[in-house]
Amino acid sequence: MRRLDQLLANLGYCSRREARAWVADGRVTVQGAVADDFGAKADPADVRVDGEPLDHPGGLLLLLHKPVGLVCSHDGREGPDIYSLLPERWRRRNPPVTSIGRLDKDTSGLLLLTDLSPLVHRLTSPKHKVPKVYRATLDRDPAPGLAELFASGTLRLDQEDTPCAPATLKLLAPREAELTLTEGRYHQVRRMFAATGSTVLTLHRARFGDLELGDLPAGQWRELPPDRFGA
Ligand code: URA
């Protein structure tokens, strides 16, 4: 049960002050009856605005094909962001829609977005070990023995106390590799290759757990059930 003015503001419809005006104007109903108290508590499933059910009152979970050139940060000083791809109302939700982990500006591929904070914590926790599959093109053929090194769990990155967890490297073609990680350290793929003498030229995340992009074009998203990973 949530207060009507708070509910509409948190779902990005309008400010709390505007929500009070919407109630006064008779635009909001609860179980079919026009609401007359903006402070009354209601089950979001019973609320309508202008006759329409509320927009995803139980939370959003989106699978985005992130294009290169956009950042995952909400800080506008870092440049154009992925949230600009979403409808205005979703961008005003509180808790905010945020990415589950990040892809850097020059990386494309599968990124989950949600306003369900427990899900963010669960899926980014190192404990959870969700496998993430990346495709990288490199500036040179990887050094011999690289797959064994990545798999060994001994590779240490600059400024890091603990070695990277074992990762699986497959060579797909000359200078083209697929790397599966179960962690998500800062710029991890680029830094793992850099630590072994090669530069990643392009990077794309193809899978997150058992999710794939399919034919979803870059810049587009599709909805997943919010309980996709369990309630
Ligand atoms: N590793 C990187 O280097 N960049 C990403 O965006 C994700 C993993």
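Select domain 1 and domain 2: their centres, taken over C-alpha atoms, are 28 Å apart. The domain bounds come from an automatic or database domain assignment. That assignment gives domain 1 (2–53), domain 2 (61–126 + 214–223) and domain 3 (132–208).

Before going on, note the ground rules. This is a predicted model, in which local features need pLDDT of at least 70, side-chain atom pairs count only at pLDDT 80 or more, and totals for chains, interfaces and linings use all residues. Residues are numbered from 1 along each chain as its sequence is written, and side-chain values use heavy atoms, with hydrogens and water left out.

**Stop 1: between domain 1 and domain 2**

Show the contacts, meaning heavy atoms within 4.5 Å. Five residues of domain 1 touch four residues of domain 2. The area buried between these two domains is about 470 Å². Carbon and sulfur atoms give 38% of that area. Buried area here is the accessible area (1.4 Å probe) that two parts lose on being put together, summed over both. Now select Asn10, Leu11 and Gly12 in domain 1. These three lose the most area to domain 2, together 75% of what that side buries.

Which kinds of polar link cross between domain 1 and domain 2? Two residue pairs are in polar contact, both at pLDDT 80 or more. A polar contact is a pair of N or O atoms within 3.5 Å; within protein, one must be able to donate a hydrogen and the other to accept it, and residues adjacent in sequence count only if both atoms are side-chain atoms.

**Stop 2**

A salt bridge needs a side-chain nitrogen of Lys or Arg within 4 Å of a carboxyl oxygen of Asp or Glu. The whole structure has 18 of them. Select Arg20 and Asp5 for one: their closest N and O atoms are 3.0 Å apart. Arg20 lies in helix H2 (residues 16–24) and Asp5 in helix H1 (residues 4–10), so this pair ties together parts 15 residues apart in sequence. Helices (H or I, at least four residues) and strands (E, at least two) are DSSP runs, numbered from the N terminus.

**Stop 3: the four-stranded sheet**

Switch to cartoon. An open sheet of four strands has the order E3-E2-E5-E6, with antiparallel pairing. Strand E3 (33–34) and strand E6 (52–53) are at the edges with a single partner strand each, so one side of each has no neighbour in the sheet. Strands count as paired if DSSP finds at least two bridges between them. Strand E5 (residues 47–49) meets E6 over two bridges, antiparallel. Select Arg48 and find Pro53 of E6 opposite. Then pick Asp50, in the loop between E5 and E6. Asp50 is not a glycine, yet has a positive phi of about 50°.

**Stop 4: a cis peptide bond**

Most residues other than glycine have a negative phi, and most peptide bonds are trans. Go to Asn94 and Pro95: the peptide bond from the one to the other is cis, with omega near 0°. Pro95 lies in the loop between helix H3 (88–91) and strand E8 (98–99).

**Stop 5: strand E13 and its partners**

Select E13 (residues 200–208). Strand E9 (residues 107–114) runs parallel to E13, joined by three bridges. Ser108 is bridged to His204 in E13. Strand E10 (residues 132–138) pairs with E13 in the antiparallel sense over seven bridges. Here Thr137 has Thr202 as its bridge partner. Strand E14 (residues 211–212) is antiparallel to E13, with two bridges. Phe208 faces Leu211 in E14. E13 and E14 form a hairpin with two residues between them, and Gly209 in the turn has a positive phi of about 55°.

**Stop 6: Thr196**

Finish in the loop between helix H6 (188–195) and E13, where Thr196 lies. A polar atom of the Thr196 side chain is 2.9 Å from the backbone oxygen of Phe193. Leaving out residues up to four places away in sequence, Thr196 touches Ala143, Leu146, Leu149, Phe150 and Leu155.
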